Amino acid sequence: MAARKTSAKPNVAPQELTQFYRDMLLIRRFEEKAGQLYGMGLIGGFCHLYIGQEAVVVGLEAAAEEGDKRITSYRDHGHMLACGMDPKGVMAELTGREGGYSKGKGGSMHMFSREKDFYGGHGIVGAQVPLGAGLAFSDKYRGNDRVTFTYFGDGAANQGQVYETFNMAALRDLPVIFVIENNQYAMGTAMKRSTSTPDIYHRGAAFGIPGEMVDGMDVLAVRDAGLKAVKHCRSGKGPYILEVKTYRYRGHSMSDPAKYRTREEVSKMREERDAIDHVRELLVQGGHATEDDLKAIDKEIKAVVSASADFARESPEPALDELWTDIYAEAG
Ligand SMILES: Cc1ncc(C[n+]2csc(CCOP(=O)(O)OP(=O)(O)O)c2C)c(N)n1
Ligand SMILES: [Mg+2]
């Protein structure tokens, strides 16, 4: 990934830039805390952290409007926080407690919020892609102008069901934005070992779906690409693909042998391309915040995260007679 060229005058209001900083920092601090709770044995099952990729979801949420939907994979905590879900409910789901979004029965990979139009959290690689097209179909059927953000990874992009979905979405002009979060690795497989071309944004060409590559370490670039994609979908022109180049700093999940890339590669990315540092620089250099202001924001966010961890530890475990509730939906 090329080094960043910081534009001298970014096209963003200072308040919005500060909000991006807060939103990205909330995800990072939340994930750091989740990593700690996992290490303490308070989180069971799988847990995939989003650290490094924060600008993707924060930039795209800035392009979303009330009623738009989102669906993603198991690397989902950032998506939940960015769409406004309560950190307490998310953290309590990680610890498997009653106060969690799935009442402690879904865990890290299976949380939902109809209120915030967040449709999960899916553990099967690529399975959310046809579901995302289905969500977009429901909006088209109802005749509203909502769009669905369907997120998936570079590894998932090699799945057959993705292309079946592209075909159906293009055929029916569905208002779906396919967001490929290209963090350059599947579990431990570098993209260049699994994928025939270096870029994948053009993979919709065979179906007539336009695609674009975006720098996922630059929240403003992501927001701008998101606005363009949303405009396309809302105006009835059908699906759009955004390949967002990003990077995950931590392991694939909490158990990761870390043998497939060098430490130097990770630290170079953190030092040269970090998306939060980028916004921090824009804020300070633009005279919109002092180092003390930013420290105060960090303190505030740490308090929110710490309260979520307290809630997640204090909330009771689900009662035994809850075992069979919310498992099947009654067919009407
Ligand atoms: C159908 C299926 N195959 C394999 C797995 C195991 N698996 C979990 S995550 C993953 C890698 C996916 O990589 P990518 O799509 O790039 O997403 P990332 O983890 O990088 O966000 C694999 C192979 C699975 N969960 N589901
Ligand atoms: Mg990946």
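Biologist: In which hand, left-handed or right-handed, does α5 pass α6 in a crossing?

Modeller: Before the case itself, please keep in mind that this is a predicted model. Two packed helices are described by the angle between their axes and by the distance between those axes. Here α5, which covers residues 128–142, packs with α6, residues 160–171, at an angle of about 20 degrees and with the axes 8 Å apart. The two helices α5 and α6 are therefore roughly parallel to each other, since angles under 35 degrees count as such. As for the hand, α5 passes α6 in a left-handed crossing.

Biologist: Which residues make the contact between α5 and α6?

Modeller: On the α5 side they are V129, P130 and A133, and on the α6 side Q161, V162 and T165.

Biologist: At what angle do α1 and α10 pack, and how far apart are their axes?

Modeller: Helix α1 (residues 14–39) and helix α10 (residues 275–285) pack at an angle of about 150 degrees, and their axes are 10 Å apart. That angle makes α1 roughly antiparallel to α10, because the term applies to angles over 145 degrees. The crossing of α1 and α10 is left-handed. From α1 the contact draws on P14, L17, T18, Y21, M24, L25 and R28, while α10 supplies A275, I276, V279, R280, L282 and L283. In the contact of α1 with α10, 10 residues are nonpolar, one is polar and two are charged.

Biologist: How is the packing of α1 with α4 to be read, as parallel or antiparallel?

Modeller: For α1 and α4, the latter spanning residues 87–94, the angle is about 25 degrees and the axes are 11 Å apart, and α1 and α4 are therefore roughly parallel to each other. Their crossing is right-handed. In this pairing F30, K33, A34 and L37 of α1 meet P87, V90, M91 and L94 of α4, and the residues of the contact of α1 with α4 divide into seven nonpolar and one charged, with no polar residue.

Biologist: Turning to the ligand, how many residues surround ligand 1, and which are the closest?

Modeller: Ligand 1 is surrounded by 15 residues, of which the closest are Y74, R75, G155, A156 and N183.

Biologist: What is the distance from an oxygen atom of ligand 1 to an N or O atom in the side chain of N183?

Modeller: For the side chain of N183 the distance is 2.8 Å, and for an N or O atom in the side chain of D154 an oxygen atom of the ligand is 3.1 Å away. The backbone also takes part in this listing, in that a polar backbone atom of Y185 is 2.9 Å from an oxygen atom of ligand 1.

Biologist: Finally, where are A258 and D326 found, and what is phi at A258 and at D326?

Modeller: A258 is found in the loop between β5 (240–245) and α9 (263–273), and its phi is near 55 degrees, a positive value in a residue other than glycine. D326 has its place in the segment after α11 (291–314), and phi of D326, near 60 degrees, is likewise a positive value in a residue other than glycine.

Notes: Residues numbered from 1 in each chain as written. Chains lettered and ligands numbered in written order. Predicted model: local features only at pLDDT ≥ 70, side-chain atom pairs only at ≥ 80, totals over all residues. Heavy atoms only, no water. Axes fitted to C-alpha atoms, helices over the stretch in contact; angles between N-to-C directions. Helix = DSSP H or I, 4+ residues; strand = E, 2+ residues; numbered from the N terminus. Parallel < 35°, antiparallel > 145°, perpendicular 65-115°, else oblique. Left-handed = near helix turned anticlockwise from the far one by under 90°. Contact = heavy atoms within 4.5 Å. Nonpolar A, V, L, I, M, F, W, Y, C, P; charged D, E, K, R; others polar. Near = heavy atom within 4 Å. Polar contact = N/O pair within 3.5 Å; in protein donor to acceptor, adjacent residues only side chain to side chain.
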